[in-house]
Amino acid sequence: MRSSLFDFDLPGELIAQKPAKKRDGSNLMVFDRSNGKRHLEKFSSIAGYFKKGDVLILNNTKVIPARLSAKRKTGGKVEIFVLRHVKKQKLYECLIKPLKKVKTGETLLLKNSFKCTVIEKIKGRAIIEFNADIKEILSLCGKIPFPPYIHEKKQDPRRYQTVFAENEGAVAAPTAGLHFTKEILRKLKRKGVEINFITLHTGFGTFTPLRGQTIEEHQMDEEFFTISEKTAGTVNRAVTEKRRVFACGTTVTRTLESNAYKKNGKYLLHPGSGSTAMYITPPYKFKIVKTLITNFHTPLSSLIVLVSAFAGRKNILECYKEAIKLKWRFFSFGDAMLIL
């Protein structure tokens, strides 16, 4: 399938540069796959679309302060974006700017006498060895890495974390979860909705545009996940009893779907930890997820491909067309969709 089928014209002013004043103050477009109808709401009203017995799965990953400022011994400034741990204890895959000027074997100077050495350069990325524990370095020197399309400098880093963020490791927020407030979660619990969590440490690949002329040519980066016994048990009971499973975001969707297995004619969920590079494209048949909460995504991204697999490409593009006409906000700090 041609990648160009997932492209659309998006005015630059609709790329949200700051979150809504209130977390639940974003717009919400509800799309019903059963009849093709759309309803326009505020996210604060989302509890009205849940019923007793529904299951909501959220991603409780926490964004780490992965952006570091460094200097070369020549005095030149370098920006380091820590992506993930690789193999040996102090080796990390990173983005470096400017990568071309930095040499293999070169030592870069960080704040507080911390240092790092460029061990290798591979495919536009660098393998770096730090001279101390990475958690200590990031906590003392790092900053929260906002998405590359957010140019507004004055940001509250707390608004790029969900209210249920707990397990550190992500370099990008699971943005569909940013809309939830503690009050909405309490309201859902009072309604009889079961709320459970998975952890998937969102990587920088979430911002990577589709590679290639066809969507099949694109490859996802691996991301670490954990599914607890409790979460798997909750999901499996819901599936067995034909209750709805709501996935909050594409990260939750990929985690659940990549760990589905078939037993007695039904798809159930495996607990456990590991890495997934699952890439969901049309005409994928979803095994666990019945309802999806998501944001309005980037043209030519793996994210719009996933939601198109869930709701139909033409349907999604029509929803996006209406959102653009209404001047709704797109991407990480933008408005939301509920796909029933």
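A residue is called buried here when its relative accessible area is under 20%, exposed when it is over 50%, and partly exposed in between, as judged with a 1.4 Å probe and the protein chains only. By that criterion, buried residues make up 54% of the 340 residues in the protein. The structure is a predicted model, in which local features need a pLDDT of at least 70 and side-chain atom pairs count only at pLDDT 80 or more, whereas totals for chains, interfaces and linings use all residues. Residues are numbered from 1 along each chain as its sequence is written, and side-chain values rest on heavy atoms, with hydrogens and water left out.

The secondary structure comprises six helices and 19 strands, where helices (H or I, at least four residues) and strands (E, at least two) are DSSP runs numbered from the N terminus. The radius of gyration of the protein is 20 Å, close to the 20 Å that the globule rule gives for 340 residues, so the protein is as compact as a globular protein of that length; the radius is taken over C-alpha atoms, and the rule is 2.2 Å times the number of residues to the power 0.38. Along its principal axes, the C-alpha trace spans about 65 × 45 × 40 Å. With contact meaning heavy atoms within 4.5 Å, residues 24 or more positions apart account for 71% of the contacts with a separation of 6 or more.

Helix α5, residues 302-311, is mostly covered, since 10 of its 10 residues are buried. What covers these buried residues includes β1, α4 (250-258), β18 (291-295), α6 (313-325) and β19 (336-339). The helix is followed by glycine 312, whose phi is positive, near 95°.

Strand β1 (residues 27-31) contains phenylalanine 31, which counts as buried because its relative accessibility is 2%. Leaving aside neighbours within four places in sequence, the contacts of phenylalanine 31 include Ala311, Asn315, Cys319 and Ile339. Phenylalanine 31 and leucine 292 are 261 residues apart in sequence, yet their C-alpha atoms are 10.0 Å apart in space.

Rings of Phe, Tyr and Trp (its six-membered ring) are paired if their centres lie within 6.5 Å, and planes under 30 degrees apart count as stacked, over 60 as edge-to-face and the rest as tilted. By this rule the count comes to 20 aromatic pairs. In one of these, the rings of phenylalanine 296 and phenylalanine 330 have their centres 5.3 Å apart and their planes at 50°, so the pair is tilted. This pair links distant parts of the chain, with phenylalanine 296 in the loop between β18 and α5 and phenylalanine 330 in the loop between α6 and β19, 34 residues apart. Both phenylalanine 296 and phenylalanine 330 are buried. The rings of phenylalanine 330 and phenylalanine 331 have their centres 6.3 Å apart and their planes at 85°, so that pair is edge-to-face. Ring pairs join these three residues into a cluster whose members also include Phe8, Tyr149 and Trp328.

Some backbone details lie in the loops. The peptide bond from lysine 97 to proline 98 is cis, with omega near 0°, and proline 98 sits in the loop between β7 (91-97) and β8 (107-109). Another cis peptide bond joins proline 282 and proline 283, with omega about 5°. Leucine 300, in the loop between β18 and α5, has a positive phi near 55° although leucine 300 is a residue other than glycine, and is partly exposed, with a relative accessible area of 29%.
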